[in-house]
Amino acid sequence: MSGELERILVIGSPGAGKSTLAAELARLTGLPLFHMDQLHWKPGWVESTRAELDQRIAEAIAGPRWIVDGNYGRTLPRRMARADTVIDLDLPVWLCLVRAIRRVAQSHGRVRSDMAP
């Protein structure tokens, strides 16, 4: 796949559509998808230690092909260094707020596919 997108990082504000875009890119390209929230949170919303998160990220980005969505600023430089493409969803704050509020209302009491169990 030389010259094609193989390691994609999707970042942006909450509500910008990172997970939605990443899932669609994964569907279209067949690239494995890793959501930072799933790497960070253990089942029951137990937070990983820094070492655990760093290990999970290392494993996710060690492969030759992947998509990772999410910010987690402390880990961005490491992920950006491995990515061949970074998509920054820079949308208006008002739109992100509307989308985030709608997402909370629509997913209340449910676990979304991009979340930890």
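**Entry 1: Asp 69**

I started with what Asp 69 touches, taking contact as heavy atoms within 4.5 Å. Leaving out residues up to four places away in sequence, I found Val 10, Lys 18, Ser 19, Ala 22, Phe 34, His 35 and Met 36. A note for myself: this is a predicted model, where local features need pLDDT of at least 70 and side-chain atom pairs count only at pLDDT 80 or more, while totals for chains, interfaces and linings use all residues. Residues are numbered from 1 along each chain as its sequence is written, and side-chain values use heavy atoms, with hydrogens and water left out.

Asp 69 sits in strand E5, residues 66-69. Helices (H or I, at least four residues) and strands (E, at least two) are DSSP runs, numbered from the N terminus.

A salt bridge needs a side-chain nitrogen of Lys or Arg within 4 Å of a carboxyl oxygen of Asp or Glu. Buried means under 20% relative accessible area, exposed means over 50%, and partly exposed is in between (1.4 Å probe, protein chains only).

Asp 69 does have a polar contact, side chain to side chain, with Ser 19 at 2.6 Å. That term covers a pair of N or O atoms within 3.5 Å; within protein, one must be able to donate a hydrogen and the other to accept it, and residues adjacent in sequence count only if both atoms are side-chain atoms.

**Entry 2: helix H3**

Next I checked the length of H3, residues 50-62. Its 13 residues should span 18 Å at 1.5 Å a residue, and the end C-alpha atoms are 18 Å apart, which agrees. The expected span is 1.5 Å times one less than the number of residues.

Which residues of H3 are buried? They are Leu 53, Ile 57, Ala 60 and Ile 61.

**Entry 3: salt bridges**

How many salt bridges does the structure hold? I count three.

- Arg 27 and Glu 24 meet at 2.6 Å, N to O. Both lie in helix H1 (residues 18-29), three residues apart, about one turn of the helix.
- Lys 42 pairs with Glu 52, the closest N and O atoms being 3.1 Å apart. This pair links distant parts of the chain, with Lys 42 in strand E3 and Glu 52 in helix H3, ten residues apart.
- Asp 54 pairs with Arg 74, with 2.9 Å between the closest N and O atoms. Asp 54 is in H3 and Arg 74 in the loop between E5 and H4, so the pair ties together parts 20 residues apart in sequence.
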